[in-house]
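Visitor: I am new to this structure and would like a walk through it. Could we take it piece by piece?

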Amino acid sequence: LAAMVARELHTLLPSALKDLADWTVQARTRAANTLLGALWCAGPAATEQLDEVLAAFAKAIDDSDEGVQRQVRRCAALVGGSCALQVYVPLVMTQLVVTDDDSG
């Protein structure tokens, strides 16, 4: 299962990341739960998608729903735990700068 998810992650992520920004809590929750399961299975394969994933997490981490926030934090922890620090940290820092610039 993990190998299949890792192989198909590039097709799964765009839809789930889009739904993570949906206007309904139900869609955002479903997307966060889907991402958590997919990222858990994919492990280090998520490294190839880090730019898009971290950008979505940076926006969703402050979601109005606590359940979505919690699942996104778990997703970020999974990605951080399965990716090399020298890859993960610079991308996180870039997202922090982008998010800070967006907030004005």
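**A guided conversation**

Guide: Leu-20 counts as buried, because its relative accessibility is 4%. Please keep in mind that the model shown here is predicted.

Visitor: Where is Leu-20 found?

Guide: Leu-20 sits in the loop between α1 (2-19) and α2.

Visitor: And how far apart are Leu-20 and Gly-67 in space?

Guide: From C-alpha to C-alpha, Leu-20 and Gly-67 are 12 Å apart, while in sequence they are 47 residues apart.

Visitor: Let us move to helix α2. Where is the place of Thr-29, and is Thr-29 buried or partly exposed?

Guide: Thr-29 belongs to helix α2. Its relative accessibility is 26%, so Thr-29 counts as partly exposed.

Visitor: What about Leu-36: buried or exposed?

Guide: Leu-36 counts as buried, because its relative accessibility of 18% falls under the 20% cut-off. Leu-36 is also placed in helix α2. Between the C-alpha atoms of Leu-36 and Val-79 there are 9.5 Å, and the two residues are 43 apart in sequence.

Visitor: Changing topic, how many salt bridges does a search of the whole structure find?

Guide: The search finds 1 salt bridge. In a salt bridge, the side chains of Asp-63 and Arg-28 meet at 2.6 Å, N to O.

Visitor: Which parts does that pair tie together?

Guide: Asp-63 lies in the loop between α3 (50-60) and α4 (66-82), and Arg-28 lies in helix α2 (residues 25-42), so the pair ties together parts that are 35 residues apart in sequence.

Visitor: Are Asp-63 and Arg-28 buried or exposed?

Guide: Both Asp-63 and Arg-28 are buried.

Visitor: One last topic, the surface. Which residues make the nonpolar surface patch?

Guide: Leu-85, Val-89, Met-93 and Leu-96 make this nonpolar patch, which covers about 390 Å². Leu-96 is also among the residues closest to the centre of the largest pocket.

Visitor: Where does Met-93 lie, and why does it count as partly exposed?

Guide: Met-93 lies in helix α5, residues 85-103. Met-93 counts as partly exposed because its relative accessibility is 47%.

Note on methods
Residues are numbered from 1 along each chain as its sequence is written. This is a predicted model: local features need pLDDT of at least 70, side-chain atom pairs count only at pLDDT 80 or more; totals for chains, interfaces and linings use all residues. Side-chain values use heavy atoms; hydrogens and water are left out. Patches are made of residues with over 30% relative accessible area and no salt bridge: like charges are joined within 9 Å, nonpolar side chains (Val, Leu, Ile, Met, Phe, Trp, Tyr) within 5 Å. Accessible areas come from the Shrake-Rupley method with a 1.4 Å probe; for residues, only the protein chains shown count as cover. A salt bridge is a side-chain nitrogen of Lys or Arg within 4 Å of a carboxyl oxygen of Asp or Glu. Helices (H or I, at least four residues) and strands (E, at least two) are DSSP runs, numbered from the N terminus. Buried means under 20% relative accessible area, exposed over 50%, partly exposed in between (1.4 Å probe, protein chains only). On a 1 Å grid over the protein atoms alone, a cavity is a set of points where a 1.4 Å probe fits but cannot get out, and a pocket is an open set with protein on both sides within 12 Å along at least five of seven lines; lining residues have an atom within 4 Å of a point.
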